[in-house]
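These are my notebook entries on a protein model. I set down what I looked up, entry by entry.

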Amino acid sequence: MVILPAIDIKDGNCVRLFRGDYATAEKVADNYLDTALSFEKAGAEWIHMVDLDGAKEGRPVNTKIYTDVAEKTSLKVELGGGIRSLETIEEYLKMGISRVILGSAALKNPKLVSNSVEKFGAEKIVVGIDAKNGMVATEGWLETSNVNYIDLANKMISYGVKYFIFTDISKDGTLSGVNAEQLKALYYGTRGECNIIASGGVHTIEDIRICKEMGLYGTICGKSIYSGSLDLAEAIELAK
């Protein structure tokens, strides 16, 4: 299993949110590059990055930060937030981003997802499914739909999508443990036909163990690393 330490960017700062609420943004590190280098030193191969400003505005905002990490570390960058067009995806991939996340677009513009997979390949595209009470939320979690998260995943699989990030928004930034029940339902609901990355609620090494035993592809760790409740190197070792 892959461990993806996370850096979310708002107003140029490394922050974490509580349950996706922008008003709760808390600065968790002084320097994004130093933070990324510390992840690399701990043994991480991937980093999960989100342009929170981009997610809200529907366009790339903090581009230099992500390209800096891609250029100045050995980390593979998985990036989301404000990615709404093939042109933006192509630009990011040319800049060295390894995998882009399509979130709101999966629900609002599924054609973009299918075109992206066709043009860039399934390895370069990951669909982010964020849910409140099992229903998909979009636009930086500011809107909630009436679409079930498993139904959306299966629709995306039919378009050739192989990678998903699933976030239970009620767990995000809470350090209350992963939503194993919903993750398990997603795994079996998609018949194990995709690579699922768990996001939201990771607190201790036990959460890493749960995700690994479930057969998930990856786990994103954010606040748990910054708060010290999870040791990144230990998590990476257990996930191997």
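I began with Glu 143 and listed its contacts (heavy atoms within 4.5 Å). Leaving aside residues up to four places away in sequence, I found that Glu 143 touches Lys 108, Val 136, Ala 137 and Thr 138. I placed Glu 143 in strand β9, residues 143-148. Helices (H or I, at least four residues) and strands (E, at least two) are DSSP runs, numbered from the N terminus. I noted Glu 143 as partly exposed, with a relative accessible area of 37%. On this scale buried is under 20% relative accessible area, exposed is over 50%, and partly exposed is in between, with a 1.4 Å probe and protein chains only. I also looked up Val 100, which is 43 residues from Glu 143 in sequence and 21 Å away in space, C-alpha to C-alpha.

I recorded the basis of these values: the model is predicted, local features need pLDDT of at least 70, side-chain atom pairs count only at pLDDT 80 or more, and totals for chains, interfaces and linings use all residues. Residues are numbered from 1 along each chain as its sequence is written, and side-chain values use heavy atoms, with hydrogens and water left out.

I turned next to the aromatic rings. Rings of Phe, Tyr and Trp (its six-membered ring) pair if their centres lie within 6.5 Å; planes under 30 degrees apart count as stacked, over 60 as edge-to-face and the rest as tilted. By this rule I have 4 aromatic pairs. Tyr 163 belongs to strand β10 (163-168) and Tyr 217 to the loop between α9 (205-213) and β12 (218-221), so the pair ties together parts 54 residues apart in sequence. I marked both Tyr 163 and Tyr 217 as buried.

I then examined helix α3 (residues 63-72), where Ile 65, Tyr 66, Thr 67, Asp 68, Val 69 and Ala 70 are buried. The buried residues of α3 pack against β1 (2-10), α1 (32-41), β4 (46-51), β5 (76-80) and α4 (86-94).

I noted 11 helices and 12 strands. Buried residues make up 56% of the 240 residues. Of the contacts with a separation of 6 or more, 68% involve residues 24 or more positions apart. The C-alpha atoms fill a box of roughly 40 × 35 × 35 Å along the principal axes.
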